[in-house]
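Open the model in your viewer and keep the selection tool at hand.

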Amino acid sequence: MKTSIEGPGGRGVEVSPDEVLPPSRGIARRVFYPSVALVGVFVLLALVFPDWLSSVITAANAAVVDSLGWYYVLLVTGFVVFALWLALSRLGDIRLGRDDEEPQYSTFSWFAMLFAAGMGIGLVFWGVAEPLNHYAAPPPGVVGTPASLAQDAMTQTYLHWGLHAWAIYIVVGLAVAYTVHRRRRPVSIRWALEPILGTRRVQGRWGDVVDVVAVVGTVFGVATSLGFGVVQVAAGLEYLDLIEVTRTALVVLIIAIAGLAMISVATGLDVGIKWLSNANLVIAGLLMLGILVLGPTLFVLREFVQSIGAYLQDFIRLSFATLPYQGPEGESWLASWTTYYWGWWMSWSPFVGVFIARISRGRTVRQFIIGVLLVPTLLTFLWFAVLGGTALYRELFGEGGLVSERGIVDNNAALFQMLSALPGGPVLAGAAILLVVVFFVTSSDSGSYVVAMISAGGNPTPPLWTRLTWAALTGAIAAVLLGFGGPEGGLTSLQVMAILVAAPFSVVMIGMCVALARSLTAEHHAAELERRALRRRTLVAAVVDELGSTSAPIRPIEPSPGMTWRPHLPRRAPGRRRARPADTGGEQTSEDAEDGPG
């Protein structure tokens with residue numbers, strides 16, 4: 001049955017559910033214009049009614065975010081189990097592309113691009129600040145010596161940035177990669193739901209709603225990271241006595257760095273984005289190595305190994321922790337940290353998932369999961385062990401000063417305060433600022449590229465003007481909220497918006513899990529039947545070939561002397577009894593005659 005979908009310029013195109021669907025060469029008007037309108041209305045409200053919008057966001061946070069903690073915790077842990085099940089089962093053998101297709105990018109470039117897109121600015125912003133926060137203000141109910149609190153702080157940080165975060169990306173990325181590279185569908189979120197919604201609904205309004213939610217969630221998620229990055233760049237420049245952090249300075253920085261991102265996104269995936277991703281990994285590696293060598297090297301290495309063990313030991317307990325016995329204090333802490341992180345990762349998942357899917361052609365499901373789940377997680381743990389471990393060492397055994405007497409951590413300047421105590425502190429601070437800027441540009445151009453693909457109907461090379469439009473709108477959101485709400489209020493609004501938009505998309509992610517499991521299981525079953533049929537055909541051909549090649553005549557099998565030969569008799573239907581000779585006066589019945597003697 002043919003179904004009409006929207007083609008370039010809004011013209012209807014007839015396609016079959018089983019044929020390869022070509023991507024649109026224009027824009028998907030039912031996705032692009034509603035998404036732009038929603039983002040534009042938000043920016044306009046933030047400009048005209050900043051106080052009212054702030055109060056609405058705060059009320060929504062209290063009504064929705066605080067009550068979603070248990071749901072996010074259970075859901076994200078389920079994503080980890082789902083990813084491990086796929087990787088360890090035979091479904092992991094399925095290739096994301098043709099069966100003989102090789103990976104599109106080298107392993108190093110692949111890791112560099114997915115790492116830069118997956119963590120980005122947040123890794124630099126929270127590398128020092130989060131372990132210090134958990135140490136200074138641990139979760140309600142956690143008490144102990146300073147050493148045990150420091151260990152718990154690292155373990156909690158690993159939870160927020162470890163397997164759970166990357167499992168969220170795997171759900172979206174693998175579903176889209178399978179749909180795009182294996183089933184030859186356009187690069188869009190909606191097509192990952194085709195096995196459960198059907199081709200007609202996916203091509204209609206339901207698919208439009210899914211893509212609009214994905215686009216808006218991605219824009220707010222990326223804007224949140226851009227806000228973190230700009231605030232940290234400003235704090236670093238202030239640390240170097242180059243500028244004074246004001247709202248005007250923040251807006252100017254956003255405009256300048258967003259302009260660089262627009263230049264990068266204009267060059268495409270294989271030029272600017274790829275080069276910047278590789279540069280990200282190199283700069284981050286050099287900065288981390290410098291801190292490791294100049295800081296407490298032996299302590300950091302010991303702490304890295306021990307924290308991995310503590311994370312694995314407490315993995316199940318922390319994965320299901322919702323702090324119900326700590327009352328409102330536990331609920332507030334969960335909403336500020338774990339629930340916020342799970343919502344943030346889910347709001348990023350359309351962007352990161354589609355981007356990882358786009359660069360993962362030719363890899364198997366198992367390679368995809370192991371590469372995305374384990375390698376970035378270990379690199380992230382090493383990053384936090386070096387930066388966060390060095391900061392905790394200073395608090396425990398050094399001069400301290402990173403945590404105030406009231407137990408408050410300056411999140412924006414914590415990295416630069418930690419670097420100031422190391423030899424060559426200003427040089428390291430300059431490298432950190434450069435890293436944040438490059439991460440800023442990479443996150444913005446990658447996010448704009450993915451959003452442009454979705455809003456262009458799955459076109460892997462969307463029109464340039466759409467890429468530039470989304471890059472400008474993402475920067476505008478961060479600029480407006482930081483300019484009118486200040487560094488703290490603007491970031492809080494961005495965080496809450498990212499979590500709120502993630503709530504409806506979490507339902508889409510559940511559907512993606514169901515659709516992906518159904519598709520992979522069906523393909524594996526079909527492949528298994530084909531393998532069995534092939535083995536039978538091969539065996540029959542071998543037997544025929546062997547019998548045809550022998551010169552000796554084939555003799556029938558004869559019974560040995562003294563052996564009673566009894567041919568196989570067919571089983572009778574239940575309830576039927578053959579009449580015996582005694583019952584028929586010694587005459588053989590017709591059934592006996594059919595069965596034969598005996």
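Where do Arg532 and Glu528 lie, and how many residues apart are they? Both are in helix 21 (residues 464-549), four residues apart, about one turn of the helix. Helices here are DSSP runs (H or I, at least four residues), numbered from the N terminus.

A word on the source: this is a predicted model, where local features need pLDDT of at least 70, side-chain atom pairs count only at pLDDT 80 or more, and totals for chains, interfaces and linings use all residues. Residues are numbered from 1 along each chain as its sequence is written, and side-chain values use heavy atoms, with hydrogens and water left out.

**Stop 1: the pair in helix 21**

Select Arg532 and Glu528. Their side chains meet in a salt bridge, 3.7 Å from N to O. The term means a side-chain nitrogen of Lys or Arg within 4 Å of a carboxyl oxygen of Asp or Glu. Arg532 is partly exposed, at 42% relative accessible area. Glu528 is buried, at 17%. The cut-offs are under 20% for buried, over 50% for exposed and partly exposed in between (1.4 Å probe, protein chains only).

**Stop 2: Glu523**

Stay in helix 21 and select Glu523. Glu523 counts as buried because its relative accessibility is 19%. Show its contacts (heavy atoms within 4.5 Å). Leaving aside residues up to four places away in sequence, Glu523 touches Ile94, Tyr178 and Arg182.

**Stop 3: buried salt bridges**

The structure holds 15 salt bridges. Select Arg185 and Glu194: their closest N and O atoms are 2.9 Å apart. Both residues are buried.

Next, take Asp211 and Arg190. This salt bridge has its closest N and O atoms 2.7 Å apart. The pair links distant parts of the chain, 21 residues apart: Asp211 is in helix 10 (residues 205-239), Arg190 in the loop between helix 7 (163-182) and helix 8 (194-197). Asp211 and Arg190 are both buried.

**Stop 4: the cavity**

Select Ala175, Tyr178, Thr179, Arg183, Trp191, Ala192, Pro195, Ala515, Leu516 and Ser519, which line the largest cavity. Helix 7 and helix 21 are the elements that give two or more residues to this lining. A cavity is a set of points on a 1 Å grid over the protein atoms alone where a 1.4 Å probe fits but cannot get out; lining residues have an atom within 4 Å of a point. The volume is about 50 Å³, counted as the space filled by probe spheres set on the points, with grid points joined across faces, edges and corners.

Technical notes
1 Å grid on protein atoms, 1.4 Å probe; cavity = no way out; pocket = protein on both sides within 12 Å on 5 of 7 lines; lining within 4 Å.
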